[in-house]
Amino acid sequence: MKFDRVGETGPGTRMKNAGHNRPRLVLDSVEKRFARPDGEIVTALSDVSMSVEAHTFVALIGPSGCGKTTVLRIANGLIQPDNGAVTIAGSAPKPGPETGFVFQEFRLIPWATVQANVEFALEVLPLSRAERAERARSYLDLVGLSRSAQSYPGQLSGGMKQRVALARALASEPEILLMDEPFANLDAQTRELMQSELLHIWMRHKPTVLFVTHSVDEALLLADRIVLMGTGRVLETFDVDIERPRNLEATRSDARFIAMRDDLWARIRDLVLSDPQSEFYGRNLGG
């Protein structure tokens, strides 16, 4: 079984929208270059075009160094593209409450309580102190941490810290939620629990999400659409044809999931083996 291919991009082509929703995030022919310490110019993104419609969950996947995190940083306004255009809800992106960002590292304030960590993200909004406190409590309740509101980050497990980071990102009610491998540093059991938690939250509130992961399974479990990247460009996009709501155990045993996982993994393996910069370049790893 193959993916339902939505589109592919390259010089002179554009990706088609899969749904009828107005795109919340749009990248149009984006290019980004960086200078290495030795002065060499490296192209991180080349003619990247993609869109994320409102209330959809899109996963970016591909080999290390293919530009996934650079896409997130440009979408957040942390860096500017050298060419092309980026818009969120029709405006140029900039760091702020319009874009929530969840990192691999928790980035919590160690001397502040869980409640205060979430409220901190709300200080730029026109809310009273009481309104900030009430909203922080509601989002801590959403991620199941209302009883830990007065705890400090050092008293929490890794999974609990990431829940705080997720509550903090959601509390500003952003136009789009950007997530950069948020579960990569968690142990396997906690990672699965966080995946289930995120599925539950997404089904309840339907935030617009752009999610970076190296895990094929994670992308298929969480996303409506997968964008496959390689060497700084978008190769193809695929709809994940598995109904919601999804249960992790049941979804993993679904024949469609197994077929899509094998197909996507084979594509990524071929990208790695054909990349001269990869330590596995040219090796025969079977499959």
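Start with the lining of the second largest pocket, which by class holds 10 nonpolar, 5 polar and 2 charged residues, where Ala, Val, Leu, Ile, Met, Phe, Trp, Tyr, Cys and Pro count as nonpolar, Asp, Glu, Lys and Arg as charged, and the others, Gly among them, as polar. A pocket here is an open set of points on a 1 Å grid over the protein atoms alone, where a 1.4 Å probe fits, with protein on both sides within 12 Å along at least five of seven lines, and its lining residues have an atom within 4 Å of a point.

Before going further, note that this is a predicted model, in which local features need pLDDT of at least 70 and side-chain atom pairs count only at pLDDT 80 or more, while totals for chains, interfaces and linings use all residues. Residues are numbered from 1 along each chain as its sequence is written, and side-chain values use heavy atoms, with hydrogens and water left out.

Now select G96, T99, F101, A121 and R168, which lie nearest the centre of this pocket among its 17 lining residues. The elements giving two or more residues to the lining are β6 (99-102) and α4, and β6 provides the largest share, 3 residues; helices (H or I, at least four residues) and strands (E, at least two) are DSSP runs, numbered from the N terminus.

Next, select L166 and I226, the residues that touch the most other members of the largest nonpolar core, which has 52 residues. Such a core is a set of buried Ala, Val, Leu, Ile, Met, Phe, Trp, Tyr and Cys residues joined through side-chain atoms within 4.5 Å, and buried means under 20% relative accessible area (1.4 Å probe, protein chains only). Helix α4 (residues 158-171) gives this core its largest share, 7 residues. Apart from it lies another core, of 25 residues, including V30, V52, L72 and V212.

Move on to T190 in helix α5 (residues 188-205), a residue that is buried, with a relative accessible area of 18%. Its side chain makes a polar contact with the side chain of D187 (2.8 Å); a polar contact is a pair of N or O atoms within 3.5 Å, of which, within protein, one must be able to donate a hydrogen and the other to accept it, and residues adjacent in sequence count only if both atoms are side-chain atoms.

Finally, look at the backbone of S29 in strand β2 (residues 23-35), where phi is positive, about 55 degrees, although S29 is not a glycine.

Technical notes. Buried means under 20% relative accessible area, exposed over 50%, partly exposed in between (1.4 Å probe, protein chains only).
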